[in-house]
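Keep the structure open as you read.

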Amino acid sequence: LLSNGKAGLMDINLSQQQKVLDAGSFVYDMKDYSAHIMYGKAREGQTLEDVRDLLLSQIELVKKGEYPDWMLEAVINNLKLSQIKAFESNRRRAGAFVDAFINDIPWDEYITGIQRYEKITKQDIIDFANNNYRNNYVVVYKRTGEDKNVQKVEKPEITPVNLNRSEQSEFLKAIVNTPAPDIQPVFVDYRQDIKQAVLKGGIPVYYKENTENNTFNLYYVLDRGTNNDKKLGLATSYLEYLGTSKYTPAQMKEEFYKLGCSFSVSSSSEQIYVSLSGLSENFDKGVDLFEELLSDVQPNQQALDNLVNDILKVRADDKLSQDKILWDAMYDYAQYGPKSPFTNILSKDELKAVKPEELISIIKKITSYEHIVLYYGPLSVDALTQTLNAKHKIPDVLQPLPVEVMFKELATDENKVYFVNYPGMLQAEIIFLSKGESFNKDNAPVISMYNEYFGSGMSGIVFQELRESKALAYSAFSTFRNPSRKENAHYILSYIGTQSDKMPEAMKGFMDIMNDLPESEGSFSSSKNSVLQQLRTTRTTKTGVLFNYLAAKKMGLDYDIRKDVYEKVPALTFNDIKTFQENYIKGKKYTILVLGDKDKIDMNTLKKYGDVKTLTLEEVFGY
């Protein structure tokens, strides 16, 4: 009732009305004691105490029963839908068993929880809220500033630990030697697993039947993103706060929620996704509402003003986020330079100059361009195409997609270091990035083996050598990254998170193993088995089949390339990955990204690895 991401009290009264930047509520439901956690993010100029009061005010509404009568039934229906969707996943099914077990709940009681919800009345909830929610909470504020209580710890001497990769405990041996039949892999067969149809206007439909339950997912996908139009992202974000000539924004959210349906419109640098999901019994009504919103969306100047202010607040917050600085801003700067998909955004002045009518026009024209339709659900292909032909609103002639705007990937033909100062940061976060060759599907098997052996997870050479053996890193990994489309290149991507005073040893240790691949027959055998087991046990199902197909098309493939990996990995030897490492990785030049406190970072160490350029946040963020 408080927060469900769509039509809860916090969703409608706080997030939808833009009274806070974000708000939500969830429960840690545990055996001994449980915790109800509410959270909110302040807008620009708003105090955290104001956010606290707004959150608590929604509890007061529950205590007074001040919410519409239809909401309780709708909440229960959507909880049913959530359970259906959750139990599509083996992980969630297993998690349910574990949850029931550790909380001592009999399985027949656990699995019928939704039915017991149906017996709860509005008065029951009012009584519960009044009995349990008083002045009995803890409030935590996340503020910015300097911690005056930091205590220094002397750097200990580092003594490498000899790794015993070949040793096995008796417990491990017992598990390994337990007989178990091999699970056979299942790869996607695009011709058998996906049906194709065509809608009016020549719109391709890719269809996958849902034989498990009565839910559906519908997508309109356009190969047109923010690279082509910087206002697209603003327009798709704006839609969340808009209604139609018939429904207010809050009523629109409530109508979808009543149907057990969800909609979203999002854009990336290259694509737009328009999606609708929910109960198949309400598919027709959901599509009607969905199409009405896209075609009859109404402008709201106040909502746009609030959205622009919130975007500017988020941008300011992003400059405080180590992850955002390193993995988005600095990473794109290294890959593309100052002009990148990340910096291809509206400036502050451009944001404030945008008119609601401009964004409304963009939204209404989304489906006037050439696009495809993806569907996963229980409807037949004929029933689906009949419904969409009647309800999907498109012009007589679809507009062709504009020529795609591409950003050129920079060559890494010399070593260089980009440093960004983050005052007060005790760690150093380092990325090594090197552009590789263009996509070659024949290398897929050896790339999978190399990544698993060298840089993947806690058993990889990188983690074992730098963290487990020498204690030089909090975290470390390395991967030979595959591109997402055939026009782009592979990249060597490696990461180390270490203490600032350990940075010299960490960087040297990392470069040593990158250029001189350690050999461990035990680790190699284990890595091969891991790759094969992952392929045997991984299943691409449901909407994953459709998106797997689209991803393959971008790579110029007409089949599931994992089949090549499974067939060829068994014959690979250590010499194969050693040869791959020598041909594609050893001696490579790198763009090295370092985030840390300039007063704690040894800049002379960085100079050993290339010319050092200190970048400002304005340079890497573009604002």
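Is P504 buried, exposed or something in between? In this predicted model, P504 has a relative accessibility of 26%. Buried would need a value under 20%, and exposed one over 50%, so P504 counts as partly exposed.

What does P504 touch? Leaving aside residues up to four places away in sequence, P504 is in contact with D602, T605 and Y609. There's also L606 to look at: 102 residues separate P504 from L606 in sequence, yet their C-alpha atoms sit 8.2 Å apart in space.

P504 belongs to helix 20, which covers residues 503–515 and packs on a sheet. Helix 20 touches strand 10 (427–438), strand 11, strand 12 (489–499) and strand 13 (591–596). Compare directions and you'll find that helix 20 makes about 145 degrees with strand 12.

So what does that sheet look like? It's an open one, built from 6 strands in the order 11-12-10-13-9-14, with mixed pairing. At the edges are strand 11 (475–481) and strand 14 (611–615), each of which pairs on one side only. On average, neighbouring strands in this sheet are turned by 15 degrees against each other, ignoring direction.

Finally, follow the sheet to strand 14. Strands in a sheet pair through backbone hydrogen bonds, either parallel or antiparallel. Here, strand 9 (residues 416–421) and strand 14 run parallel, joined by 5 bridges. To find one of these on screen, pick K416: its bridge partner in strand 14 is D611.

Notes
Residues are numbered from 1 along each chain as its sequence is written. This is a predicted model: local features need pLDDT of at least 70, side-chain atom pairs count only at pLDDT 80 or more; totals for chains, interfaces and linings use all residues. Side-chain values use heavy atoms; hydrogens and water are left out. Two strands pair if DSSP finds at least two bridges between them. Helices (H or I, at least four residues) and strands (E, at least two) are DSSP runs, numbered from the N terminus. Axes are lines fitted to C-alpha atoms, for helices over the stretch in contact, and angles run from 0 to 180 degrees between N-to-C directions. Contact means heavy atoms within 4.5 Å. Buried means under 20% relative accessible area, exposed over 50%, partly exposed in between (1.4 Å probe, protein chains only).
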